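This report describes one protein model for a reader new to structures. Please look at the sequence and the 3D view before reading on.

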Amino acid sequence: MPHLIDTLRHVTGLTITAAGGLSRTFLPRPVEDTTVGIVEFSNGAVASVNATCAAAGDYPLFVTRYSIMGSEGTIDLDPFGELHCSDRKSGWRLIDRQPPIGFGDASTAFGDVRMQCFVRQMRSFIAGMRGEPMEAGSGHDGRVGLAACLAMLVSTRERRLIELTP
C-alpha cells in the first residue's frame, strides 16, 4: 500500500488530508494481505486504492488498482497493466499498457527492465544523501505515505475515517 499512496501523491501533486480503509489477512501470514482504502486530497478529490495478494487463482488485470476521481477527470491505473483516463471532452481512453512482468519466472520477475526502476530509485536516494536533487521521494514523502497507510489500519480497527495533518 505505501507504493500506491506514493504514486497517488506523485501523480496528483496533492496532500492527503484523510484516509480510511478495511484491511484483512486471508492467507497464513503475519501481515495484512488485502486492503481496500479511500483517501481524500487537499483539493477535495477522492481516490480508492485496492491491493491484494490473496486472490484465489488468476485474477486477470488485478494486483493493485488506483481510481482517482475528480470534477475534471478520472484516472484508472493498474500498475501492472493498463492506465486509462477519462474526461468530458475526450471520454474513456487507454493511455498506456505495461508489458506483462511474469512474476512466476525469475528471469522476467527480476529482469533488467524491471530492476532498472529500483536501480534509478537507489541512485536517487544516494543523490539525496549527498544533498543533490532527488528524482524519487524524500524522507518526508516516505513519512507522509506511511502515515496514510497507518491511518488505514487505524481506520480498520476503529471503523472511522482518520484525519491527517500535513
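Helix 1 (residues 2-12) and helix 4 (residues 139-158) have axes that come within 9 Å and cross at roughly 120°. The crossing of helix 1 past helix 4 is right-handed.

## Confidence in the model

The model is predicted. Its mean pLDDT is 85, and 95% of the residues reach 70 or more. Among the elements, strand 8 (residues 162-163) has the highest mean pLDDT, 97. The lowest, 74, belongs to helix 2 (residues 106-109).

Eight strands form an open sheet in the order 7-6-5-4-3-2-1-8, and their pairing is antiparallel. Which strands lie at the edges? They are strand 7 (93-97) and strand 8, each of which pairs on one side only.

At one end of the order, strand 1 and strand 8 are antiparallel and share two bridges. Here Ala18 has Glu163 of strand 8 as its bridge partner. Strand 1 (residues 16-24) also runs antiparallel to strand 2 (residues 34-41), and eight bridges join this pair. Gly21 is bridged to Gly37 in strand 2. Strand 2 in turn is joined to strand 3 (residues 46-52) by seven bridges, again in the antiparallel sense. Thr35 has Ala51 of strand 3 as its partner.

## Two hairpins

Further along the sheet, strand 4 (residues 64-69) and strand 5 (residues 74-77) run antiparallel and are joined by four bridges. A hairpin of four residues connects strand 4 to strand 5. Ser67 stands opposite Asp76 of strand 5.

Strand 5 also pairs with strand 6 (residues 82-86), antiparallel and over four bridges. This pair too is a hairpin, with four residues between strand 5 and strand 6. Asp76 has His84 in strand 6 as its bridge partner.

## Two loop residues

Asp33 lies in the loop between strand 1 and strand 2. Is Asp33 buried or exposed? Its relative accessible area is 5%, and the limit for buried is under 20%, so Asp33 is buried. Asp33 and Ser23 are ten residues apart in sequence, while their C-alpha atoms are 7.6 Å apart in space.

Arg159 lies in the loop between helix 4 and strand 8. With a relative accessible area of 59%, over the 50% limit, Arg159 counts as exposed. Most residues other than glycine have a negative phi. The phi of Arg159, by contrast, is positive, near 55°.

## Cysteines

A disulfide is a covalent bond between the sulfur atoms of two cysteines. How many disulfides does the model have? The count is zero. Cys149 is in no disulfide, and the nearest cysteine sulfur, that of Cys53, is 14 Å away. A disulfide would need the two sulfur atoms within 2.5 Å.

Cys149 has a relative accessibility of 10%, so this residue counts as buried. Cys85 has 18%, which is under the 20% limit, and therefore Cys85 counts as buried too.

Methods: Residues numbered from 1 in each chain as written. Predicted model: local features only at pLDDT ≥ 70, side-chain atom pairs only at ≥ 80, totals over all residues. Heavy atoms only, no water. pLDDT = per-residue confidence, 0-100. Pairing = 2+ DSSP bridges. Buried < 20%, exposed > 50% of the residue type's maximum accessible area, 1.4 Å probe, protein only. Axes fitted to C-alpha atoms, helices over the stretch in contact; angles between N-to-C directions. Left-handed = near helix turned anticlockwise from the far one by under 90°.
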